[in-house]
Structure formats: structure tokens, C-alpha cells
Amino acid sequence: MLLGSMNRQMNLPALQRIAMEFERENDVMDQRQELMDEAIDEATGMEGEEEEGEDIVKEVLDEIGVDLNQALGETPTDIQKTAVAENRVAQPVGAGGGPTTSDDDLQARLDSLRR
């Protein structure tokens, strides 16, 4: 009985029209938002920041002696073999015998990083 009276009070075609109009206006709003985002990015110069970030990462990797393109093309075992051949294998902190040995190991690792 309650549902019947609600159905009589609602105008289903009008509700469908309102829903379709809402969907259309929502699409227009999304398009405008995209245009505004693009305009803001162009005005603030945000487009070049990604490239600038990549340049900074490349510069840091060059400083520590890592060739990203070469490393990405190699398998993990190839990278490990290369590191072993170059005597640049990461060691756990505190590895070695006594305190002088671990200090010597640490100094040797620091020296190898400076090369």
C-alpha cells in the first residue's frame, strides 16, 4: 500500500530525464576540469618537472657509477657478477672478525664508493 502510493506520487519519466541531464552536465564538468588542469599545468610550467626529476635521478646515478640502462638490461645474476668482478659487493654492517677488521672493512667499502 505504501509502495503503491509512492509510485503514484513519483513521475518516473521526469526522474529519468533529470538523471540523464545530470549525467550530461557531469560529463561537461569533467571536460572543463580537464581543460582547467591542463591550463594550470601550462601556466605553472608543471610539464617540465617530470623531465627535470628524471635528469636529477640520472645525475645521482652517474655520480655513484650506476648506468640505469645497462642495469635494467641485465639480469640480477649478471649485475651480481659485474659487482663481484669490480669488487663492489655490499657487505652487512658489522661483518668481519674483531673491531679493527670491521673498521678496515668499512673503510675499504667507503674507499670503493669514492672511486
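Reply: Gladly! The structure holds 2 salt bridges, and it is a predicted model, where local features need pLDDT of at least 70, side-chain atom pairs count only at pLDDT 80 or more, and totals for chains, interfaces and linings use all residues. Residues are numbered from 1 along each chain as its sequence is written, and side-chain values use heavy atoms, with hydrogens and water left out.

Me: What makes Asp 62 and Lys 58 a salt bridge?

Reply: The term asks for a side-chain nitrogen of Lys or Arg within 4 Å of a carboxyl oxygen of Asp or Glu. The closest N and O atoms of Asp 62 and Lys 58 are 3.6 Å apart, so the pair meets the definition. In general, side chains of opposite charge can pair when their charged atoms come close.

Me: Where do Asp 62 and Lys 58 sit relative to each other?

Reply: Both lie in helix H3 (residues 47-64), 4 residues apart, about one turn of the helix. Helices here are DSSP runs of H or I with at least four residues, strands are E runs of at least two, and both are numbered from the N terminus.

Me: Why is Lys 58 called exposed, and what is Asp 62 called?

Reply: Buried means under 20% relative accessible area, exposed over 50%, and partly exposed in between, with a 1.4 Å probe and protein chains only. Lys 58 has 51%, so it is exposed. Asp 62 has 47%, so it is partly exposed.

Me: What makes Leu 2, Leu 3, Met 6, Met 10, Leu 12, Leu 15 and Ile 18 a nonpolar patch?

Reply: Patches take residues with over 30% relative accessible area and no salt bridge; nonpolar side chains (Val, Leu, Ile, Met, Phe, Trp, Tyr) are joined within 5 Å, like charges within 9 Å. Leu 12, one of the patch residues, has 55% relative accessibility and so counts as exposed. Together the patch residues have about 730 Å² of accessible area, computed by the Shrake-Rupley method with a 1.4 Å probe, where for residues only the protein chains shown count as cover. Helix H1 (2-9) and helix H2 (12-44) each supply at least two residues of the patch.

Me: How many helices and strands does the chain have, and where is confidence lowest?

Reply: The chain has 6 helices and 0 strands. Confidence is given as pLDDT, the predictor's value for each residue from 0 to 100. Helix H5 (residues 76-85) is lowest at a mean of 55, and H2 highest at 92. The chain's mean is 76, with 66% of its residues reaching 70 or more.
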